[in-house]
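Subject: Structure handover

Hello,

Here is the structure for your files. My notes on it follow below.

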Amino acid sequence: MKSTAIPFLDLVAVNADLQVDLELAWKAIIGHGKFVGGPEVERFERQFAEFCGARCCIGVANGTDAIELALTALGIGRGDEVIVPTNTFVATAEAICATGARPRFVDVLPDTLLLDPAAAADAVNRRTAAVIGVHLFGQMVDVPAVSAVAERYKLAFIEDAAQAHGARHSGRRAGSIGHVAAFSFYPGKNLGALGDGGAVMTDDVQLADRVRRLANHGRAEGDRHRHELLGRNSRLDSIQAAALALKLPRLDAENSRRRELMDRYRAWLPPSFEPVRTDPAAEHVHHLAVVRTAVREQARTALTAAGVGWGVHYPVPCHRQPAFAEYGGRLPVAEQAAEQILSLPMSPTLRDTDIARVCETLRGARP
Ligand SMILES: *Cc1c(COP(=O)(O)O)cnc(C)c1O
């Protein structure tokens, strides 16, 4: 890599100053030998629930499982429909299908590219059991509007908070709003492990208990040989929990730094690049720095030539993916956005001068 290169996301830099603490934590785990379900898991679950302002947190194997387990614990499955924005990572829709339910893809709002609450209301029918609000790019959905749809039609409101650790809407954190929320700790997320990990968050103690049992072979509390539910294995391990516990106290400061970097982008981007809008009621945590542009092809060429990383989240909306062909249709807002969006480098380890260089490079992208 050229010394001048700016990677899309540098995970070595993100974790560099934690190396000594991580090694100490892992030494302790190797010493006590409780690799699955050790004290580190319980400690992190408590810390993260408190951070989000929710009662219960259950560590699971990854974010996709977290969504699936939340749906299953709510009793959602075959015969049910779940409303989901088409502009999301495919995992949200995969998790719905894994329960036996059908995803009902709906369009997004043209300015924030988040779930359109009116489209969600229009999609409700007698089979609809839940709506998943995906807090995409680091910004929470329009919480009052989505909650109102869920209440009006008696649907479960599930938050996909995989890109929104620490985000707020109207003062409340992601994970504390819906009936249940799902988080991913994939290494590249705002709160990332050093491997896969995920969590389910809820205020409902009984629902939490069901999730915990489903994720641990359906075991009964206190009797490991009694399997009351048809469960599976989806657990967060001690090593990942220890890493997450070390990283959680830094999350708010890192998210503030992401907001600062986004302000630099707003100030320095040439006019043909428009950042996706932030709702004034939302405290955005900019998991991704997404802009819209009519000159995406030229921009990608210029960035690549300059050694600057970029991404597109996501180039094909879920309802146009071959795997979901049977749920397809026309969702014009998301389809048009997919042609224009571009994700620029974003990480708390970037310097202002990096953002200046990305913006300078984009000045060279013309039709
Ligand atoms: C990352 C992600 C997931 C899935 O999380 P994994 O831990 O990778 O399974 C789900 N939804 C969204 C929006 C994501 O970004």
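F44 and F185 are both buried, where buried means under 20% relative accessible area with a 1.4 Å probe and protein chains only. This is a predicted model, in which local features need pLDDT of at least 70 and side-chain atom pairs count only at pLDDT 80 or more, while totals for chains, interfaces and linings use all residues. Residues are numbered from 1 along each chain as its sequence is written, and side-chain values use heavy atoms, with hydrogens and water left out.

Aromatic rings

The structure holds nine aromatic pairs. Rings of Phe, Tyr and Trp (its six-membered ring) pair if their centres lie within 6.5 Å; planes under 30 degrees apart count as stacked, over 60 as edge-to-face and the rest as tilted. For F44 and F185 the ring centres are 5.5 Å apart and the planes at 80°, so this pair is edge-to-face. F44 belongs to helix 3 and F185 to the loop between strand 8 and strand 9, so the pair ties together parts 141 residues apart in sequence. Helices (H or I, at least four residues) and strands (E, at least two) are DSSP runs, numbered from the N terminus.

F48 and F51 make a stacked pair, at 6.1 Å centre to centre with 15° between the planes. Both lie in helix 3, three residues apart, about one turn of the helix, and both are buried. Ring pairs link F44, F48, F51, F183 and F185 into a cluster. The charged end of R173 sits over the ring of F51, 4.0 Å from its centre; the criterion is NZ of Lys or CZ of Arg within 6 Å of the ring centre and within 35 degrees of the ring normal.

Seven strands form an open sheet with mixed pairing, in the order 1-9-8-5-4-2-3; two strands pair if DSSP finds at least two bridges between them. Strand 1 (56-60) and strand 3 (102-106) are at the edges with a single partner strand each, so one side of each has no neighbour in the sheet.

Strand 1 runs antiparallel to strand 9 (residues 198-202), joined by five bridges. G59 stands opposite A199, and C56 has T202 as its bridge partner. From strand 1, C56, I58 and V60 point one way and C57 and G59 the other, and all are buried.

A further open sheet of three strands has the order 7-6-13 and antiparallel pairing. Its edge strands are strand 7 (172-173) and strand 13 (282-283). H169 has R172 in strand 7 as its bridge partner.

Regards

Conventions. Buried means under 20% relative accessible area, exposed over 50%, partly exposed in between (1.4 Å probe, protein chains only).
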